Amino acid sequence: MICRVAVSAGLSLFAALLLTANAQAQFAPYPNQAIRLLVPFAAGGSSDIVARAVADPLGKALGTSVIVENRSGGGGAVGAAETARATPDGYSLGVATLSTTATNPAINPKIPYDPIADFTPIVNIAAVPSVLAVNPSFPAKDLAGLLAELKRNPSKYAFATASTSGSGHLQMELFKSLTGTAITHVPYRGSGPALNDTVAGQVPMIFDSLPSALPFIKDGRLVAIAITAPTRQSSLPNVPTFKEAGLEPMNRMAYYGLYGPKNLPAEIVNKIHAGVKTALADPAVRERLEGAGALIVGNTPAQFAQQVKETLAVYKKVVADAKLKLD
């Protein structure tokens, strides 16, 4: 009998200690565990580059670890939906991209989340130009020559992008509409695989974010045709903008930011935002991002929320005006 009482008392004490520990963890200052940062595309693309550039310094600023995970599929929709479903406790964040918040929702009526209502914007980390590039074997090395070749041989060529209904896909559909050209879309599960096949000559051209394409351009494995930036970039001073080439509607940069699921508490949002700002003030982080072709932004949560709303409206209009539909 005494033995049973002792066991019961021991179990009760263990349960009480466990409840106390859980309560302490629940109310401990944020963060008190590792933070998961989900990238909605495969490793090697611009979203991955930006995420990994800020993850470690952000973790140091917050006093914890920030672990980057890649979850590709559906033009970023698979990863974005996972972030939308996460518990709003600050331990599951996502990389917000032009594809996941604007171009994919604009063209895909079956997207499994609301890009405005299902997320809490935190900060736009960087603005990134995109680039139209070709394999060195392509018979043209500038935009005028490219257009002439495409019109001489309609439907002969294909272009690679990181995904169906992503920013590259939608911008190239706009390019086709503006130039009256016919090019076949070949989607991949991320920039990395798309770049590899273009470099290998499996696909003759690619429309991709500058940070992920730049190393291949610099070492001569791709030839840059034009970029979507307000002005020429110092990393590619001889490559014209689409505006210079008379295709100003193409001149829209992508963004890469952080968001969490809806109802993320303001105090957590502010803490993460402050951590990102600290990370972006690090000269090594700035050099890494700017060296990859990104332009550092670091705006407020409200400014980023407004940017997402305005960009979604722009691409909804692009889809409607060009009568674009998924195949």
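The side chains of Tyr255 and Thr101 are joined by a polar contact of 2.5 Å (a pair of N or O atoms within 3.5 Å; within protein, one must be able to donate a hydrogen and the other to accept it, and residues adjacent in sequence count only if both atoms are side-chain atoms). Keep in mind that this is a predicted model, where local features need pLDDT of at least 70, side-chain atom pairs count only at pLDDT 80 or more, and totals for chains, interfaces and linings use all residues. Residues are numbered from 1 along each chain as its sequence is written, and side-chain values use heavy atoms, with hydrogens and water left out.

Tyr255 sits in strand 10, residues 254-261 (strands are DSSP runs of E, at least two residues, and helices are runs of H or I, at least four, numbered from the N terminus). Tyr255 counts as buried because its relative accessibility is 1%, buried being under 20% relative accessible area with a 1.4 Å probe, protein chains only. Leaving out residues up to four places away in sequence, Tyr255 touches, among others, Leu98, Thr101, Ala102, Val308 and Thr311 (contact means heavy atoms within 4.5 Å). Val308 is 53 residues from Tyr255 in sequence, yet their C-alpha atoms are 9.3 Å apart.

Now look at helix 4 (residues 98-107) and helix 11 (residues 301-322), whose axes come within 8 Å and cross at roughly 35° (axes are lines fitted to C-alpha atoms over the stretch in contact, with angles from 0 to 180 degrees between N-to-C directions). Helix 4 brings residues including Leu98, Thr101 and Ala102 to this contact, and helix 11 brings residues including Val308, Thr311 and Leu312.

Definitions and conventions: Buried < 20%, exposed > 50% of the residue type's maximum accessible area, 1.4 Å probe, protein only.
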